[in-house]
Amino acid sequence: MKKLPLILVALLPALALAHKDHAHSHGVGQLGIVVEGDQLTLLLEVPQHDLVGFERAPRNAREQLTVQAALEKLKTPAKLFTPTAAAQCVPSEQKIDAPLLEGAKGHHGHGDVEVRYVYRCAQPAALADLKATVSAEFPRVRSLNVSFAGPKGQKGGKLDAKNPVFAW
């Protein structure tokens with residue numbers, strides 16, 4: 001089993017608390033950003049409705065096509081996030097947790113999609129910001145509440161179409 005970076009382990013309680021305190025709100029997602037060494041980790045959580053327009057498993061071929069298109073976008077982090085170019089970060093792993101989109105039955109409540117992206121950066125000292133274009137790819141996502149942890153400390157903020165860059 002792969003070990004989580006120490007800073008990510010330290011940030012997880014804060015992200016869990018932020019998740020617990022935020023009500024599932026359509027149009028608003030959560031983004032955790034963790035920088036440790038040469039690794040940039042992004043933890044994205046968005047209401048399923050904001051990605052595909054419904055909060056249940058797809059019921060017909062049209063909805064299944066919508067789901068497949070959303071999953072393809074999520075599998076392409078370059079469509080959603082751009083780390084500082086000078087840092088030369090490249091995606092190294094990703095995990096998408098979308099039980100309803102994947103046809104899980106019996107799920108109650110609101111459906112969220114959680115995605116974890118890990119980047120390796122050749123010049124980590126140059127890593128200073130992240131541009132998010134999630135709203136451009138998924139227009140129902142109006143904003144992202146951001147929690148950041150890195151070598152310069154912790155910080156929070158908000159990203160939206162007018163302010164798509166989070167700097168640290």
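Two strands count as paired if DSSP finds at least two bridges between them. In this predicted model, strand 3 and strand 6 meet that rule with three bridges, running antiparallel. To see one of the contacts in the pairing, look at Pro 83: its bridge partner in strand 6 is Leu 130.

These two strands belong to an open, antiparallel sheet of three strands, ordered 3-6-9. Strand 3 (81-83) and strand 9 (165-167) are the edges, each pairing on one side only. From one strand to the next, the twist averages 20°.

## The nonpolar core

The largest nonpolar core holds 38 residues, and Leu 31, Ile 33, Leu 40, Leu 42, Leu 74 and Phe 81 have the most contacts inside it. Elements giving it two or more residues include strand 1 (28-36), strand 2 (39-47) and helix 3 (61-74). Strand 5 gives the most, with five residues.

## Rings and charges

Now for the aromatics, where four pairs are found. Phe 148 and Trp 168 are stacked, because their ring centres are 4.8 Å apart and their planes lie at 20°. With Phe 148 in strand 7 and Trp 168 in the segment after strand 9, the pair ties together parts 20 residues apart in sequence. Phe 166 also pairs with Trp 168, tilted at 40° with 6.3 Å between centres. Relative accessible area is 2% for Phe 148 and 15% for Trp 168, and Phe 166 is buried at 5%.

Two lysines sit over rings here: Lys 73 over Phe 138, 5.2 Å from the ring centre, and Lys 155 over the face of Phe 166, at 5.3 Å.

Methods. Residues numbered from 1 in each chain as written. Predicted model: local features only at pLDDT ≥ 70, side-chain atom pairs only at ≥ 80, totals over all residues. Heavy atoms only, no water. Core = buried A, V, L, I, M, F, W, Y, C linked by side-chain atoms within 4.5 Å. Buried < 20%, exposed > 50% of the residue type's maximum accessible area, 1.4 Å probe, protein only. Helix = DSSP H or I, 4+ residues; strand = E, 2+ residues; numbered from the N terminus. Axes fitted to C-alpha atoms, helices over the stretch in contact; angles between N-to-C directions. Phe/Tyr/Trp six-rings, centres within 6.5 Å; stacked < 30°, edge-to-face > 60°. Lys NZ or Arg CZ within 6 Å of the ring centre and 35° of its normal.
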